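Here are a few exercises to work through with the model open beside you. Try each task before you read its solution.

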Amino acid sequence: MADAANGAGLHIRVVDRFDNAGDRPLRSMEVRLPEGPTFGPQNLRVTIDGREVSPQGVSDADRRLMRAPFDPAWEQRQPREIITEWDLSPEPAGRGTVAASPLAFYIADETALPLWQAPSGVFVRGGPNPMDASLTVIAPSDFRVLAPGASLKPGTVGNQVAHRFKIRPNDDVLPYVVAGRYLEQKIRAPQGEVIFWTLQPLDTQGAQAAAARLASSMRAYTDFFGPASKSAAGVHSVETPSDLPAEFGEPGDAGGGSFPGGAILDRRALTQGVANESILELAEYELARTWFGWRVRPRPEAQILMGRGVGLFGLIVAAEARSPDERRRMVATILNRYDESRRIAADRQLLEPPVGYSRVERISTGYRAALFFVALEDLCGRDDLRAAFQQIVRARGGDEVADEELRAAAEAASQRDLAEMFRTWLNRPGIPEDFRARYDNSTSTGSGN
């Protein structure tokens, strides 16, 4: 349940119901709690069958991973109800994936909810994704609300509306909420429908041009990465009333966020115009995170490679769908941006948690991650890399993924030994000279994402 009573913050209440179907009593379970430094949770409270517990940290590498004790022990074939609730006050240091204001609010990040981990064991069943789930969003009556699952009959809580959603079993997408006092503009483009939610009316001509581009890009992603979900919802582009931090480019550039099949763009992006090239690239980057970020979740050590890297590689996938020349132009653009960012801060390894990386180090390393996928496509061939990505999405949907799964899928599809290529790109900073020779002579600078 998400409750936005006054727009200043959010109150989150998550109720999980479990059965111990194993062969032994359990004395604790591990959970990945919401990311505190990003979202600023306050008044965090965890209760098990009405008794409050204090989770303890278990991993220095993963700060979210905690252990909740059971006292008394959780016996076999016994149910348990665990309630996690907290107040959420978004902070400006985060990626811009949680926000609340009197005009709108959203929770659009896979780390924003607790994920309970299955107990360790040889024949363990279960995992962090629920078998059955429902979502209630309490919002002012004039708010539009977007969330996953089937919409049920709404109710009321005081003078607010309780929007209810039933999330299908085995749906690989984590819950998210986007809500606000939005104007809605639906545009049917040749490649699909694009839905704009904005706080002010959009220029019709610009909206139509943006819709055609974004629908085409989303079609290219679906062709390359595979179906994102079982639903056939259109592409969403949503304005947020606040300024969001930019992952790439200058600190003052427009920022964004993502949710499955949708991009969140800050108000500065809408000021520049939805058909502006840099804003279209920002939206395309966020839309690519539908697959690697929401459908498949990168492990902590693969956040840059399988998160930022795939998102930026999505710009190249979308460009290639427009023409081969556009692909070369986009690769050269990202190579130029990599060189520019590396003058400020050297890139680092692609396979370690980016917690200790500075912002500029994350930028330069993220650009190299995107170029790694270009090199992988050049070596394996487009069809084989496409088959590898689709295999990962099918097999690992709703689960975490890292470089091992990527290499196994790419080697299986291409029948190549990719060990040396992975070692060269993932463990050593810099761009191999043979790659640079292929793309360095292309002409493009382009505006930044």
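**Exercise 1. Sort the residues that line the second largest cavity into nonpolar, polar and charged.**

Solution. The lining divides into eight nonpolar residues, one polar residue and no charged ones. Here Ala, Val, Leu, Ile, Met, Phe, Trp, Tyr, Cys and Pro count as nonpolar, Asp, Glu, Lys and Arg as charged, and the others, Gly among them, as polar.

To check this, list the lining: Phe-196, Ala-210, Leu-214, Ser-237, Leu-265, Val-274, Ile-279, Leu-280 and Ala-283. A cavity is a set of points on a 1 Å grid over the protein atoms alone where a 1.4 Å probe fits but cannot get out, and lining residues have an atom within 4 Å of a point.

Next, see which helices contribute: α2 (204-225) and α4 (277-288) each supply at least two residues, and α4 gives the largest share, three residues. Helices (H or I, at least four residues) and strands (E, at least two) are DSSP runs, numbered from the N terminus.

Before going on, a word on the source: this is a predicted model, in which local features need pLDDT of at least 70 and side-chain atom pairs count only at pLDDT 80 or more, while totals for chains, interfaces and linings use all residues. Residues are numbered from 1 along each chain as its sequence is written, and side-chain values use heavy atoms, with hydrogens and water left out.

**Exercise 2. What span should helix α7 have, and what is the distance between its end C-alpha atoms?**

Solution. Start with the rule: the expected span is 1.5 Å times one less than the number of residues. For the 22 residues of α7 (359-380) that comes to 32 Å, and the end C-alpha atoms are 32 Å apart, so the two agree.

Finally, step past the helix end, where Gly-381 has a positive phi of about 100°.

**Exercise 3. In what order do the four strands of the open sheet lie, and which are its edge strands?**

Solution. The order is β6-β7-β3-β11, with antiparallel pairing. β6 (56-57) and β11 (115-116) are the edges, as each pairs on one side only. Two strands pair if DSSP finds at least two bridges between them; β6 and β7 (65-74) have two. Gln-56, for instance, has Arg-67 in β7 as its bridge partner.

Definitions and conventions. 1 Å grid on protein atoms, 1.4 Å probe; cavity = no way out; pocket = protein on both sides within 12 Å on 5 of 7 lines; lining within 4 Å.
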